[in-house]
Amino acid sequence: MQMQREQGVVFPPHLISLEQLRELADIEETVDGSIRIGALTDLETCRTHLLVKKMCPSLSEAIGTIASPAVRNRGTIGGNILYGIGDAIPILLAMDARLSWFCENGIRSEWLSDYVNRQESLEEGAILTDITIPSLVKGHCFFRKIGRRETFIPSIVTVAMYMEMADQNVIRSIRIVAGGGVNTPRRLRGCEEMLVGKQLTDDLLSALSIKIKEESALIGDVFASANYRRTVAANLLLTELQSVR
Amino acid sequence: MAKKIRPDGKEKVTGRLKYLTDLAFSNMLYGKILRSPYPHARILSISTDKARQLPGVQAVITHKDVPGLNGFGIVTPDQPVLCKDIVRYVGDAVAAVAADSVETATRALELIHVQYAPLPVLDSPEKALEEGAPLLHPNGNVLHRAGFQKGDIESEFAKCAAIVEETYHVPRQLHAYMETEGGVIVPEKDGSLTVYVGTQHGFKDRFQLARILGMPEEHIRVVSSPMGGSFGGKDELNIQPYGALLALSTGKPVKIHQTRQESIRSSIKRHPMKITMKTGIDQDGRLRAHQTTIVADTGAYATLGPAILDFAVEHTSGPYMIPAVDTKGISVFTNNGVSGEFRGFGGNQVTFALEGQIDRLAAAIGMDSVEMRRLNIRREHDLGPLGQQIAETNGALDVLQSAAAVYAEKKPSSQNQDRWKRTGTGMAITMHGGGLGFGRMDPAGGRLSLKEDGKIEISFGFEEAGQGILAVIETITTEQLGCAKEDISIMIGDTSLVPSSGSTTASRGTSMVWHSLQRLKKPFLQKLLTRAARKTGTKEGQLSIGPGGIWENGECRLSFRELASEQAPIVISTQFDFPVSPDPIDSAHFLYTYSGVVAQVEVDLLTGRINVTELHQSLSAGPVVNEMGYLGQIEGGGVMALGYTLMEDVIMADGHYVTENLDSYLIPGIKDVPFNLQVKAVESLPAEDDYGPRGVGEIGTIAVAPAIANAIYDAVGLRVSQLPVKPETVLKSTEERGVLHGSQSSNSGGN
């Protein structure tokens with residue numbers, strides 16, 4: 001918000017702080033083994049929380065790339081998601097996270113991916129209450145953020161992935177996400193379909209590289225071209241897939 | 001040597017130090033400056049009526065309210081304080097407001113209506129030099145031409161076994177000082193004016209302000225220290241004229257403190273340059289001919305653009321002896337932001353090009369680049385780069401040897417733990433002139449006094465901008481006089497209290513403090529001892545100065561307080577000029593420092609990103625005065641240059657800033673800084689050298705970019721010719737040449 005204010009975005013005359021709703025600032029494991037994170041949990045608490053570190057270390061890693069320690073102490077996971085292009089979104093999409101909203105008629109929930117595609121509250125006046133991450137014990141997570149410097153920098157390319165392998169190098173299920181800069185993080189469902197049930201051969205990977213560049217459709221700006229962003233996304237995802245086969 | 005804590009260290013790291021922008025006075029107003037929305041336009045009308053009517057607004061000024069010269073500029077006052085008919089860049093000021101609050105002043109700016117008729121925008125030197133281009137200044141669009149020729153360039157090229165020709169592009173760099181321009185200007189009851197605004201030369205600001213205000217210089221007091229960084233960026237006037245005009249028109253103190261965005265819009269930057277070099281080498285590895293064309297984008301106004309081009313021309317052949325040199329430089333007015341003073345002063349740009357040439361040439365003839373440098377390097381008695389006699393040292397070879405020793409331990413580029421990364425090592429050397437150069441008024445001076453309270457006061461006109469001048473003054477003064485740091489008080493940066501010492505620029509400070517003490521100490525100590533002898537009834541010869549006072553036979557006989565009591569202060573002053581070459585060659589320098597840099601990089605083949613993993617700088621600048629200050633200058637300079645090499649670029653499009661703030665203009669963070677950052681001082685000087693320690697404010701920034709560029713070549717085979725190096729360029733190059741693919745197959749056997 002501070003950055004937007006500097007850039008000249010005019011704020012509404014009144015802002016209501018939800019900071020005192022401490023119920024929305026906790027992290028817990030649910031009976032089915034998923035993790036529920038309150039939307040008002042600050043990023044640093046998320047990053048260092050034992051449950052997060054144990055159950056989804058990639059999320060901890062991803063949050064560590066958000067802004068600076070001072071900002072992570074103030075900013076919340078919910079705020080990062082509602083920003084629409086926050087750095088926590090790609091890995092949460094790969095993890096197939098769900099969002100819960102406090103609505104007119106009680107709590108409603110939806111897939112994070114649905115929210116990200118829509119980019120607005122589930123209904124007018126709805127308040128994001130928590131984020132739920134399913135159990136990921138069977139699979140492998142991956143996350144990389146590339147910016148124009150090492151830290152305290154917006155993303156130009158972010159990729160994330162979750163996959164479960166069957167025997168003989170065959171992919172059982174996979175979720176691939178790409179985003180960065182003004183590019184809303186998105187699942188690359190076409191790429192995912194190419195891979196499910198397949199063996200990771202060199203030919204398949206070459207075809208995937210082209211598909212990632214095409215499907216991610218990352219757009220560029222004066223600092224990093226579309227072509228660069230797409231190539232980097234493909235390089236990072238491909239080398240990760242190579243490394244697990 | 002003991003690591004001393006600098007006098008201002010504690011206050012700075014605890015945040016207690018009050019900067020001039022922290023000052024507040026009762027009845028103080030806040031000033032804001034209205035700048036042009038167009039890079040080039042004719043002003044048709046200015047209406048300030050509505051702004052004046054806004055409650056809380058106390059003054060609105062335009063060009064009509066400038067009583068003296070409506071212009072500023074250290075050498076040529078060609079920049080209007082407040083534009084009358086033409087605006088030449090988006091930082092040009094058209095009006096200024098003083099109001100009860102920043103918010104009201106900001107609102108008032110919106111109520112000033114200026115009608116413009118946009119004019120064609122000259123957003124590059126090429127456009128500005130086109131036939132028929134509109135003229136930005138009465139003398140046209142060429143601010144300055146400079147050149148240097150020696151030897152027969154064509155016949156030397158004919159003897160060459162290899163010739164390399166390349167065009168290098170370097171960006172517009174932002175100083176990015178932490179404290180943006182600002183301060184408070186206070187009208188005093190007696191009609192005089194006190195200007196509490198950071199600058200690098202208080203007396204020069206006073207001179208310029210007097211000219212603008214039509215007021216005697218003596219009626220203006222400039223308090224110019226301390227500053228939260230400057231790096232050359234606050235050498236020229238910035239907000240002072242507006243604060244002064246508003247303070248005089250309202251009769252109240254006026255504070256102006258620019259936001260970062262206002263700062264980027266109006267401040268000077270490092271000159272972007274396009275440098276074409278054609279350099280030839282013979283089969284034995286001797287450089288024979290070196291031809292250079294420099295085109296500098298100096299932006300809308302002059303400031304020190306001519307001197308910077310002269311400096312670039314002088315340093316074009318660096319520390320090498322080349323029989324034929326042909327350098328032509330041109331500095332061109334455009335409608336871009338004003339380029340001007342910046343740490344390194346034109347040396348950074350040409351050194352990047354020159355050391356790129358050296359590496360390419362060594363490769364072209366298959367010679368080790370260190371060996372080739374050694375073969376061509378200047379020796380102790382060689383003339384300077386413009387054929388002038390210079391202070392003789394063996395600095396060039398010293399730093400080359402020192403850097404070569406580090407370079408010899410470099411890792412082969414294949415040796416990297418990560419299969420998607422490549423390591424590379426590169427080297428570069430340079431020499432850098434201190435002082436303003438021959439033919440430029442470059443006076444210095446200082447004053448030593450024994451005050452009534454027994455303090456020995458040492459005064460200079462210098463400013464503290466983070467560089468550590470206070471520690472330098474403390475160290476040199478106590479060492480030269482033999483007293484303790486508790487015995488002295490330091491007075492700087494206040495035109496009403498200090499002598500003129502010249503500018504706090506051009507790596508002058510350390511050097512001029514040392515030279516001043518050489519001149520002051522003998523007469524000062526003599527007076528002290530004479531008085532002490534009279535007071536104690538002891539022979540002068542048996543007395544000496546020591547910590548706390550006057551000593552005899554290992555005991556303190558008389559404290560400085562006792563020595564001072566009930567008598568007039570003892571005051572000794574000196575005035576002299578920065579040493580120059582005996583050869584009358586315009587702008588030529590005399591005292592040089594030298595550096596040899598070795599950089600190690602890691603290039604990520606998947607992203608093209610470059611991580612500098614090691615940076616070693618070897619310096620020859622005479623004895624180290626203050627170890628931590630020296631280290632700070634060189635390490636800090638190195639990091640600033642790392643930013644210049646890898647990420648910093650004030651991008652302008654059609655005369656408008658694209659990078660308007662520090663969210664898009666990037667400077668390195670701590671994670672971009674190599675953990676292995678080494679500084680080695682080669683302190684030796686010839687026995688007969690009597691110029692003492694040289695300043696090191698700039699030398700740490702000069703040869704870092706080419707060392708990193710050469711390391712990138714070593715890592716992935718890419719020849720860099722444009723800064724900052726974009727990961728995109730690296731990735732494209734490695735992709736085209738199949739470096740990544742080769743890595744995939746060559747590593748399939750496991751690495």
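In chain B, strand E21 and strand E22 (residues 555-559) pair in the antiparallel sense over four bridges, where strands are DSSP runs of E with at least two residues, numbered from the N terminus, and two strands pair if DSSP finds at least two bridges between them. Trp551(B) stands opposite Cys556(B) of E22(B), and the hairpin made by E21(B) and E22(B) has two residues between the strands, with Asn553(B) in the turn at a positive phi of about 50°.

This is a predicted model, in which local features need pLDDT of at least 70 and side-chain atom pairs count only at pLDDT 80 or more, while totals for chains, interfaces and linings use all residues. Residues are numbered from 1 along each chain as its sequence is written, and chains are lettered from A and ligands numbered from 1 in the order in which they are written.

E21(B), residues 549-552, is also joined to strand E20(B), residues 543-546, by four antiparallel bridges, with Ile550(B) as the bridge partner of Ile545(B).

| Hairpin | Turn residue | Phi |
|---|---|---|
| E20(B) and E21(B) | Gly548(B) | positive, about 90° |
| E21(B) and E22(B) | Asn553(B) | positive, about 50° |

Elsewhere in chain B, an open sheet of five strands has the order E7-E15-E14-E13-E8, with mixed pairing. Its edge strands, each pairing on one side only, are E7(B) (142-150) and E8(B) (162-170). Nine bridges join E8(B) to the antiparallel strand E13(B), residues 273-281, and Ala162(B) has Ile281(B) as its bridge partner there.
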